Amino acid sequence: MLFSLFAASIAQAAEDYRLGTMDKLRIRVVEWRTAEGAVRDWPTLSGDYVVGPSGNLSLPFIGEMPATGKTTSEIAAAIGEELQQKFGLLDRPDASVELAEFRPLFVSGDVQTPGRYPYAPNLTVLKAVSLAGGLRRSANTGMRIERDFITARGNYEVLVAQRNGLVARRARLIAEAAGEAEIKFPKELQETAAGKKLIADEIAFKAAREKRLQVQLAAIEDLKTLLQNEVASLEKKIATQNRQMQLSKEELKGIGGLAERGLVVNARVLTIERSIAELEGKVLDMEASTLRAKQDIAKAAQDATNLQNDREAEVAQERQQTEADIDGLNLKIAMYKDLMTEAASLDPQAAVSSGGENAPATNFSIIREADGKTTEIAADENTPVLPGDVIKVGVAPVPAQ
């Protein structure tokens with residue numbers, strides 16, 4: 001019963017199926033003789049035939065008959081016509097042409113047993129790879145290679161995470177050095193949850209650093225304002241003291257002659273002179289205080305400049321160190337990527353079965369011939385396979401990050 005079902009499925013698939021090289025046909029020819037009212041069998045023609053490399057069928061009495069690109073019904077009609085014409089028969093012989101066996105398919109690449117396999121209806125890429133024993137694996141070193149791959153992948157992922165953190169930091173440092181409010185992060189960081197967290201952390205860190213700098217600059221600016229107000233106040237006091245001292249000198253000048261004639265007591269003169277001396281001392285003290293305040297203002301301005309310069313130097317130094325760290329990590333990442341690629345090439349099955357985000361992916365493609373032209377088609381596990389297809393199986397290298 002199973003054979004009958006298989007034969008029925010082949011017959012149904014062959015209705016619109018176009019023949020090609022290596023297809024096997026089962027042919028039977030009979031002739032109805034009207035004059036005799038009997039059926040005559042053609043045993044010489046009946047049997048199994050294979051479409052040859054030239055695309056022809058080689059049949060007794062008929063010779064070479066083109067078959068590539070034709071259906072079984074077209075072959076049957078052509079056989080009847082050829083026999084009728086060749087032998088001048090009154091009645092055309094009837095030919096029954098069935099597809100006994102599809103032309104084989106071929107599986108190549110990273111499979112356990114590449115080679116030629118018989119085709120069956122409803123065959124997919126995954127089924128064809130299963131016929132070839134699945135992905136290639138090593139009988140003796142599979143476990144070791146899988147362990148090596150997992151170890152290399154773990155180190156690889158840790159280093160990639162570290163590098164992503166440095167890349168985010170570099171973007172922040174570039175923005176700080178240029179005085180830009182917005183940080184331009186690489187696109188790859190914006191596409192993952194871990195990358196988005198790094199972006200948020202760097203944005204918050206940049207805001208905190210800027211806030212701290214602004215607080216320090218604001219404190220210096222407040223000190224400068226306070227000192228400038230003090231200078232202004234001292235200058236007003238100096239002006240007032242100078243005015244008082246000028247009045248005292250004019251008063252002293254006015255009574256100087258009287259004192260010489262004995263009209264004014266000397267004590268009054270001494271009092272005025274003492275007052276003038278005290279005023280001159282106060283003016284000198286206030287001028288000294290003014291000078292010190294101005295020096296403090298200059299020092300505060302220099303402190304603000306130094307603070308800005310130190311910040312710029314710190315950013316430049318951090319960026320330089322970050323670039324060096326990124327270069328070092330890139331070398332290590334490339335090394336572990338090469339180790340994973342080597343493990344995948346030695347034992348693809350072990351590498352793929354290790355699972356994980358960075359496990360190598362399996363690539364499939366089909367090389368198919370149609371209308372005399374060969375094309376390569378991208379495929380997946382569920383892609384239908386046709387007779388004569390060549391299925392290429394490959395394990396992709398570890399994706400770059």
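Tutor: A word on naming: helices (H or I, at least four residues) and strands (E, at least two) are DSSP runs, numbered from the N terminus. With that naming, Ala-120 belongs to the loop between β8 and α3. Please keep in mind throughout that this is a predicted model.

Student: Switching to rings. How many aromatic pairs are there?

Tutor: The count comes to five aromatic pairs. One of them joins Trp-42 and Phe-61 in an edge-to-face arrangement, with 6.2 Å from centre to centre and 80 degrees between the planes. That pair links distant parts of the chain, since Trp-42 is in the loop between β2 (38–41) and β3 (47–50) while Phe-61 is in the loop between β4 (56–59) and β5 (63–66), 19 residues apart.

Student: Which other ring does Phe-61 pair with?

Tutor: Phe-61 also forms an edge-to-face pair with Phe-87, where the centres are 5.3 Å apart and the planes are at 80 degrees. Because Phe-61 lies in the loop between β4 and β5 and Phe-87 in helix α2 (residues 72–87), this pair ties together parts that are 26 residues apart in sequence. Phe-87 counts as partly exposed, with 37% relative accessibility. The backbone of Phe-61 is worth a look too: it has a positive phi of about 70 degrees although it is not a glycine.

Student: What sits over the ring of Trp-42?

Tutor: The charged end of Arg-40 does, at 5.2 Å from the centre of that ring. Elsewhere among the ring pairs, Tyr-17, Phe-102 and Tyr-119 are linked into a cluster.

Student: Now the inside. Which residues of the largest nonpolar core touch the most other members?

Tutor: The largest nonpolar core has 41 residues, and Leu-59, Ile-79, Leu-105 and Val-107 are the ones that touch the most other members. Elements giving two or more residues to this core include β1 (24–33), β6 (94–101), β7 (105–109), α3 (125–131) and β11 (390–395), along with β4, α2 and β9.

Student: Which one gives the most to this core?

Tutor: That is α2, which contributes five residues.

Student: Last topic: how much space lies in the largest pocket, and what lines it?

Tutor: The largest pocket holds about 640 Å³ of space. Its lining is made of 24 residues, and those nearest the pocket's centre are Leu-19, Gly-20, Arg-103, Glu-369 and Ala-370. Strand β9 (residues 362–370) supplies the largest share of that lining, four residues.

Student: How many of the lining residues are charged?

Tutor: Seven are charged, and beside them the lining of the largest pocket has ten nonpolar and seven polar residues.

Student: One more: where does Pro-186 lie?

Tutor: Pro-186 is in the loop between α4 (142–178) and α5 (193–260), and it is partly exposed, with a relative accessible area of 23%. The C-alpha atoms of Pro-186 and Asn-164 are separated by 9.6 Å, and these two residues are 22 residues apart along the chain.

Conventions. Residues are numbered from 1 along each chain as its sequence is written. This is a predicted model: local features need pLDDT of at least 70, side-chain atom pairs count only at pLDDT 80 or more; totals for chains, interfaces and linings use all residues. Side-chain values use heavy atoms; hydrogens and water are left out. On a 1 Å grid over the protein atoms alone, a cavity is a set of points where a 1.4 Å probe fits but cannot get out, and a pocket is an open set with protein on both sides within 12 Å along at least five of seven lines; lining residues have an atom within 4 Å of a point. Grid points are joined across faces, edges and corners, and a volume is the space filled by probe spheres set on the points. Ala, Val, Leu, Ile, Met, Phe, Trp, Tyr, Cys and Pro count as nonpolar, Asp, Glu, Lys and Arg as charged, and the others, Gly among them, as polar. Rings of Phe, Tyr and Trp (its six-membered ring) pair if their centres lie within 6.5 Å; planes under 30 degrees apart count as stacked, over 60 as edge-to-face and the rest as tilted. Buried means under 20% relative accessible area, exposed over 50%, partly exposed in between (1.4 Å probe, protein chains only). A charge sits over a ring if NZ of Lys or CZ of Arg is within 6 Å of the ring centre and within 35 degrees of the ring normal. A nonpolar core is a set of buried Ala, Val, Leu, Ile, Met, Phe, Trp, Tyr and Cys residues joined through side-chain atoms within 4.5 Å.
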